[in-house]
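Subject: Handing over the structure

Hello,

Here is the structure I promised to pass on. Please open it first, then read the notes below it.

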Amino acid sequence: MRAIHATAAGGPEVLSVVDLPDPVPGPHDLLVEVAAAGVNFIDTYQRGGVYPMPFPHVPGSEGAGRVLATGDAVTDFSPGDAVAWAAAPGSYADQVLVPADVALPVPAGLDLVTAAALPLQGMTAHYLVTSTYPVQDGDDVLVHAAAGGVGLLLTQMATARGARVIGTVSTLEKEVLAREAGAQEVIRYTELDDLDTELPAQVRELTGGRGVHVVYDGVGRTTFDASLASLRRRGMLVLFGGSSGQVPPVDLQRLNRAGSVYVTRPTLGHYTADRAELLWRAEEVFGAVVAGRLRARVGATFPLAEAAEAHRALEGRATTGKVLLLT
């Protein structure tokens, strides 16, 4: 089978196409023919050496496809079934082994390309608005990178729960997408001379001086200070990613000065702690897309062999919505 190898820690240039033996499923595995694999920032962190990984390795953990074969102990899936996944290492390939306990049934009416765009970012947006900070009717919510893969889904979900979303974006094109997703206010941070002071000032002007109930921040280093300063008293900063880099250590006394605010650093694995929770989140996200209540935007697709270009586009902030590799 064809696969992508990250040969050493480094930039996108370390990604290359290789031929590997077809994988053989263990007792609890599904062998899946990959239709599309999700490209995510965690893939770039692992490729770059930010997160320790063995080299060479096949990047990717997300995708969708059809089951080719099952292990002897698998009872819930059969060859031909459409499945998606968020946690199957080695997904940048023609075939991948997906443990049956992380495989997500794809419902009728959801095509495999759209299904591949949803597991990681869709379930992330779901846990953020339902569990980490359960958004309530009337809440003011600040969403950074509101035209990104998580941002567009998060904006739709928060708006559906009755929140007023203030989104940050970099361009007019992205502002249009954020507003289409339901953002009532959009701030183009590229037009600000001093993000740390001007962004919180605009947020407070929009919220009667109070600040927002919650900030959903997947950007990290460059936005953290502005996020903290945008919160109302006892608000929550949910730092769920670091696309601009990791946030340095924080003096906890800053939380006091900011108004007894909260900061949390969640991850999807802790919010899909068992099979029941995983299926609940996936079923709600998939079901909302099939029913037309949630729109999944696939902003860019690349052939599998162009994985390096996909990484360059993602890291260069040249994409909106989801980035996928097609096999």
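The notes below go through helix pairs, a sheet and a few backbone details.

This is a predicted model, in which local features need pLDDT of at least 70, side-chain atom pairs count only at pLDDT 80 or more, and totals for chains, interfaces and linings use all residues. Residues are numbered from 1 along each chain as its sequence is written, and side-chain values use heavy atoms, with hydrogens and water left out.

A word on names. Helices (H or I, at least four residues) and strands (E, at least two) are DSSP runs, numbered from the N terminus.

Two packed helices are described by the angle between their axes and the distance between the axes. Axes are lines fitted to C-alpha atoms, for helices over the stretch in contact, and angles run from 0 to 180 degrees between N-to-C directions.

Take α3 (residues 119-132) and α4 (residues 149-160). They pack at about 40°, with axes 9 Å apart. That makes α3 oblique to α4. The cut-offs are these: under 35 degrees is roughly parallel, over 145 roughly antiparallel, 65 to 115 roughly perpendicular, and the rest oblique. The crossing of α3 past α4 is right-handed. A crossing is right-handed if the near helix is turned clockwise from the far one by less than a right angle, and left-handed if anticlockwise.

Which residues meet? Contact means heavy atoms within 4.5 Å. From α3 come Gln 121, Gly 122, Thr 124, Ala 125, His 126, Leu 128 and Val 129. From α4 come Gly 149, Val 150, Leu 153, Leu 154, Met 157 and Ala 158. By class, this contact of α3 with α4 has eight nonpolar, five polar and no charged residues. Here Ala, Val, Leu, Ile, Met, Phe, Trp, Tyr, Cys and Pro count as nonpolar, Asp, Glu, Lys and Arg as charged, and the others, Gly among them, as polar.

Strands of a sheet pair through backbone hydrogen bonds, either parallel or antiparallel. Two strands pair if DSSP finds at least two bridges between them.

Six strands form an open sheet with parallel pairing, in the order β10-β9-β8-β11-β12-β13. Its edge strands are β10 (185-188) and β13 (262-264), and each pairs on one side only. Neighbouring strands are turned by 15° against each other on average, direction ignored.

Three bridges join β12 (residues 231-239) to β13, and the two run parallel. Leu 237 stands opposite Val 263 in β13. Helix α5 (residues 172-180) packs on the sheet and touches β9 (164-169) and β10. The direction of α5 makes about 160° with that of β10.

Strand β12 also holds Arg 234. Arg 234 has a positive phi of about 60° although it is not a glycine. Arg 234 counts as exposed, at 63% relative accessibility. Exposed means over 50% relative accessible area, buried under 20%, and partly exposed in between (1.4 Å probe, protein chains only).

**Helices α1 and α10**

How do α1 and α10 pack? Helix α1 (residues 41-48) and helix α10 (residues 307-315) make an angle of about 110°, with axes 10 Å apart. That makes α1 roughly perpendicular to α10. In α1, Phe 41, Asp 43, Thr 44 and Arg 47 meet His 311, Leu 314 and Glu 315 in α10. The residues of this contact divide into two nonpolar, two polar and three charged.

The buried residues of α1 are Asp 43, Thr 44, Tyr 45, Gln 46 and Arg 47. They pack against β1, β2, β3 and α10. In α10, Ala 307, Ala 308, Ala 310, His 311, Ala 313 and Leu 314 are buried. Their cover includes β1 (2-6), β2 (15-19), β3 (29-39), α1, β14 (298-303) and β15.

Strand β1 has four of its five residues buried, so it is largely enclosed by the rest of the structure. Five bridges join β1 to β2, and these two run antiparallel. Ala 6 stands opposite Leu 15 in β2.

**Backbone details after these helices**

Gly 49 follows α1 and has a positive phi, near 90°. A cis peptide bond joins Phe 55 and Pro 56, with omega about 0°. Pro 56 sits in the loop between α1 and β4 (63-70).

Arg 317 lies in the loop between α10 and β15 (322-326). Its phi is positive, about 55°, although Arg 317 is not a glycine. At 33% relative accessibility, Arg 317 counts as partly exposed.

Best wishes
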